[in-house]
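This briefing is for a reader who is meeting the structure for the first time. Topics follow one another below, each under its own label.

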Amino acid sequence: MADAAAPSDAELILAVLQRDDRRAFGVLVERHQSRVRTVLRRLTRGDAALADDLAQETFVLAWRNLKSFRFEARFSTWIYRIAFNAWQSEARKRREVSLELDDDVLAAGDDSSAHEMPDIAAHVDLERALATLSDGERAAIAACYYADLSHEEAAAALGMPLGTVKTHVLRAKAKLRARLAPKKEKDR
Amino acid sequence: MSEHDPLDRLLREDAARKLDDEGFTARVMASLPLPRTARTGWFKPALVLGSTLLGSVLAMVFAPAGTSLAQGFIDLTRSHALTSSALTGIAICAGLWISAIVLAAEID
C-alpha cells in the first residue's frame, strides 16, 4: 500500500530535474521496477535475464531523457513506452519483430466464451500460454493488462493503430482461453 | 475488461504479483551516467566559443590583403555585400550565431 507521506512521482521527478537528485530517482526505480520487469518478462516470453537487462536500459534511458517528460501523462505510462521501445529494438536485432495482425484462424472462438474459462489459479500455464502468442498480441496484452494502460495509451505506446490493439487483445484472449481450457479438461 | 471475466482476473492477478527488487535498483543506479562536474559545466561552452573565436582570428589573418572587419561592416551598411571585408564580417557573424544556437540548445 502506498505511504500517504511518500512523495508523488511528479515530486520525485522535479527533485531529479531541479537538483540532479539521484536518491529521488532511486525511489522512482524502486517504485516501478516490479511492474516494468514483469511487463518485459511477459514480452520476452519469460526470459528473466533479458527482461532485466531491458528494464535496466529502460530506467537509464528514462534518467537521460527525464527533461522531456511532460507532466500531463503518468510517469508509468511514459516509462512503459520506453520499455516497449527497448523491447522492440532488441527484438529487431534478433529477428524481425512484427506487431502486425496475422491471419491465423481463431480456433478458440470469440469473447463470448468468457464464462467458460479455465482454472483461474493456473499462473504458470498462463505464462506458457502467453509465450505462444504473436509479438503483437503479447505486446497488446502486456500493455493493457500488465502495464494497465488504456487501449488508447497502449496504441500510443506501441505505435500501432487503436483498432489493431483492440483486435490483438481480442485474438490474444481467445487464444489464451483455448490454450488454458484443455488443461482444465485434462485436470478433471 | 471485466471484473467477472476469469481470464481478465487471472491476467490482473498475474500482473499484480510483486517482483522482489533483488538488487535491481542498485544496478540501475550504478549504471547511471556520472553527475556533471563543475569542469564539464563550463568546459563545453568554452570549447565551442573558443573554437569559433580561433576560427574568426584565422579567417582575419588569412583573409586577402586589405580586408578589415570594420571596413566589412561599413560595406554592409552601404549595401556592398560582395566585398572580401563584408564577406569576412558575414562569415564571422554567422559563426558566432551558430555557436550561440548550439550553446542555447545545450542549455535547453
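**A salt bridge between chains**

Lys173(A) and Asp8(B) are both buried. The model is a predicted one. In it, these two residues form a salt bridge, and their closest N and O atoms lie 2.9 Å apart. The pair crosses between chains, with Lys173(A) in helix H8 of chain A and Asp8(B) in helix H1 (residues 6-16) of chain B.

**Salt bridges in general**

- Side chains of opposite charge can pair when their charged atoms come close.
- Over all chains, a search of the whole structure finds 17 salt bridges.

**Helices H6 and H8 of chain A**

- Glu137(A) and Lys175(A) form a salt bridge, with 2.9 Å between the closest N and O atoms.
- Because Glu137(A) lies in helix H6 (residues 135-146) of chain A and Lys175(A) in helix H8 (residues 162-187) of chain A, the pair ties together parts that are 38 residues apart in sequence.
- Glu137(A) has a relative accessibility of 0%, so this residue counts as buried.
- Lys175(A) is buried as well, with a relative accessible area of 12%.

**Helices H2 and H3 of chain A**

- Arg41(A) and Asp52(A) meet through their side chains in a salt bridge of 3.8 Å, N to O.
- This pair links distant parts of the chain: Arg41(A) is in helix H2 (residues 22-43) of chain A, Asp52(A) is in helix H3 (residues 48-65) of chain A, and the two are 11 residues apart.
- Is Arg41(A) buried or exposed? Its relative accessibility is 18%, and the limit for buried is under 20%, so Arg41(A) counts as buried.
- Asp52(A) has a relative accessible area of 12% and is therefore buried.
- A network of salt bridges links Arg41(A) and Asp52(A) with Arg37(A) and Glu22(B).

**Thr58(A) in helix H3**

- Helix H3 of chain A also holds Thr58(A).
- With a relative accessible area of 0%, Thr58(A) is buried.
- Which residues does Thr58(A) touch, not counting residues up to four places away in sequence? They are Val36(A), Leu40(A), Ile79(A), Ile82(A), Ala83(A) and Ala86(A).

**How H2 and H4 of chain A pack**

- Two packed helices are described by the angle between their axes and the distance between the axes.
- The axes of H2(A) and helix H4 (residues 75-94) of chain A come within 10 Å and cross at roughly 40°.
- That angle makes H2(A) oblique to H4(A).
- The crossing in which H2(A) passes H4(A) is right-handed.
- On the H2(A) side, the residues that meet H4(A) are Leu28(A), His32(A), Arg35(A), Val36(A), Val39(A), Leu40(A) and Leu43(A).
- On the H4(A) side, they are Phe75(A), Ser76(A), Ile79(A), Tyr80(A), Ala83(A), Phe84(A) and Trp87(A).
- The residues of this contact divide into 11 nonpolar, 2 polar and 1 charged.

**Chain B as a whole**

- Chain B contains 5 helices and 0 strands.
- Along the sequence, the pattern of chain B reads α-α-α-α-α.
- What percentage of the 108 residues of chain B count as buried? The figure is 24%.
- Among the contacts in chain B with a separation of 6 or more, 35% are between residues 24 or more positions apart.

Definitions and conventions:
Residues are numbered from 1 along each chain as its sequence is written. Chains are lettered from A and ligands numbered from 1 in the order in which they are written. This is a predicted model: local features need pLDDT of at least 70, side-chain atom pairs count only at pLDDT 80 or more; totals for chains, interfaces and linings use all residues. Side-chain values use heavy atoms; hydrogens and water are left out. A salt bridge is a side-chain nitrogen of Lys or Arg within 4 Å of a carboxyl oxygen of Asp or Glu. Helices (H or I, at least four residues) and strands (E, at least two) are DSSP runs, numbered from the N terminus. Buried means under 20% relative accessible area, exposed over 50%, partly exposed in between (1.4 Å probe, protein chains only). Contact means heavy atoms within 4.5 Å. Axes are lines fitted to C-alpha atoms, for helices over the stretch in contact, and angles run from 0 to 180 degrees between N-to-C directions. Angles under 35 degrees count as roughly parallel, over 145 as roughly antiparallel, 65 to 115 as roughly perpendicular and the rest as oblique. A crossing is left-handed if the near helix is turned anticlockwise from the far one by less than a right angle, and right-handed if clockwise. Ala, Val, Leu, Ile, Met, Phe, Trp, Tyr, Cys and Pro count as nonpolar, Asp, Glu, Lys and Arg as charged, and the others, Gly among them, as polar.
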